[in-house]
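This briefing goes through one protein model by topic, with the cut-offs given where each term is used. Please keep the sequence and the coordinates at hand while reading.

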Amino acid sequence: MSEETVALQPIECPICHFQNPPGEKFCQDCGFLLGSEAGEWEEKEEKPQPLLISSDGKEYTLKEGENLVGRESADILLFYDKSVSRKHALIILEGDKCYVQDLGSTNGTFINGVRLSPGVKTQIYDGDSISFGDSTFRFSYPLSRKEEIPAKAILILEGKEIPITKEEFLIGRREGDLIVPNPYVSGRHCKIYIEEGGAFIEDLGSTNGTFLNGKEIERGVKTALEDGAIIEIGGTKLVFRLPGEDRGEDREAEGG
């Protein structure tokens with residue numbers, strides 16, 4: 001067999017055994033570098049990138065450290081949305097953990113419908129919904145999955161379920177586990193307690209009071225909460241639900 005005939009022979013890939021045309025440097029099927037030993041090739045698994053995905057499918061890749069969200073000179077530039085402040089929030093990536101911090105924005109930053117207290121770093125997890133003003137995104141990062149904590153109770157606010165996973169749950173306008181951006185709600189308005197003897201609510205000396213099923217409760221006194229009770233603070237209504245109860249047709253928080 002002549003040298004010319006040998007040169008025209010197809011080149012078999014040692015990995016996938018695909019017959020490549022003469023002269024190819026890389027396998028057309030699997031991309032292996034032809035002529036090297038099979039043991040030299042290792043497929044490297046790419047680490048998933050943390051992303052913010054807008055409602056129209058646009059993706060923003062987050063970098064390690066701080067990512068500024070805002071309407072001007074930001075890493076995630078939302079110049080088209082006037083509800084977003086110039087410097088609205090930070091998304092902070094630290095290894096496999098990611099946090100959001102509101103920078104005192106006018107219209108707030110929300111995680112799964114709950115408004116964040118300004119200046120407080122809050123961890124976010126794969127699948128969380130994040131809103132900056134009127135702009136809403138889905139956070140995608142499989143390395144940051146949330147360990148499910150069973151809810152001790154649930155609050156329903158404007159159709160959204162807010163789990164209560166701790167024994168004491170603070171509600172207020174400026175601070176709390178649930179921030180209610182209503183000017184008639186006090187900074188620290190009321191607290192819900194989940195105890196062995198049942199669930200209770202206490203008004204923390206608010207200006208405009210806390211109402212349970214239409215009646216104002218006494219300030220500074222724990223009042224029993226029953227499944228389906230309607231809590232009203234500053235005109236904002238929430239439905240209190242206990243897990244495992246038959247929901248049936250919930251009374252709407254907006255109703256009386």
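Gln 101 is found in strand S8 (residues 97–102), where strands (E, at least two residues) and helices (H or I, at least four) are DSSP runs numbered from the N terminus. The model is predicted, so local features need pLDDT of at least 70 and side-chain atom pairs count only at pLDDT 80 or more, while totals for chains, interfaces and linings use all residues. Residues are numbered from 1 along each chain as its sequence is written, and side-chain values use heavy atoms, with hydrogens and water left out.

- The secondary structure of the protein comes to one helix and 24 strands, and of its 256 residues 40% count as buried, where buried means under 20% relative accessible area, exposed over 50% and partly exposed in between (1.4 Å probe, protein chains only).
- Gln 101, with a relative accessible area of 17%, is buried.
- Once neighbours within four places in sequence are set aside, Gln 101 is in contact with Ala 89, Leu 90, Ile 92, Gly 119, Val 120 and Lys 121, a contact being heavy atoms within 4.5 Å.
- Among contacts in the protein with a separation of 6 or more, 33% are accounted for by residues 24 or more positions apart.

**Strand pairing around S13**

- Strand S13 (residues 135–140) pairs in the antiparallel sense with strand S3 (residues 51–54) over four bridges, pairing being assigned if DSSP finds at least two bridges between two strands.
- Within S13, Phe 139 is the bridge partner of Leu 52.
- Strand S12 (residues 129–132) also pairs with S13 in the antiparallel sense over four bridges, and Ser 131 stands opposite Thr 136 in S13.
- The hairpin of S12 and S13 has two residues between the strands, and Gly 133 takes a positive phi near 60° there.

**Aromatic rings and charges**

- The structure holds four aromatic pairs, counted for rings of Phe, Tyr and Trp (its six-membered ring) if their centres lie within 6.5 Å, with planes under 30 degrees apart taken as stacked, over 60 as edge-to-face and the rest as tilted.
- Phe 79 and Tyr 80 have ring centres 5.7 Å apart and planes at 80°, so this pair is edge-to-face; Phe 79 is exposed, with a relative accessible area of 58%.
- Phe 139 and Tyr 141 also form an edge-to-face pair, because their ring centres are 6.3 Å apart and their planes lie at 65°.
- Phe 139 is buried at a relative accessible area of 0%, and Tyr 141 is buried at 1%.
- One aromatic cluster is formed by Tyr 60, Phe 132 and Phe 137.
- Lys 121 lies over the face of Tyr 99, at 4.6 Å from the ring centre, where a charge sits over a ring if NZ of Lys or CZ of Arg is within 6 Å of the ring centre and within 35 degrees of the ring normal.
- The charged end of Lys 222 sits over the ring of Tyr 193, 4.1 Å from its centre.

**The largest pocket**

- The largest pocket is lined by 27 residues, of which Ile 111, Asn 112, Val 114, Lys 146 and Pro 163 lie nearest its centre.
- On a 1 Å grid over the protein atoms alone, a pocket is an open set of points where a 1.4 Å probe fits, with protein on both sides within 12 Å along at least five of seven lines, and lining residues have an atom within 4 Å of a point.
- Strand S10 (114–115), strand S11 (122–124) and strand S15 (160–164) each supply at least two residues of this lining, and S15 gives the most, with three residues.
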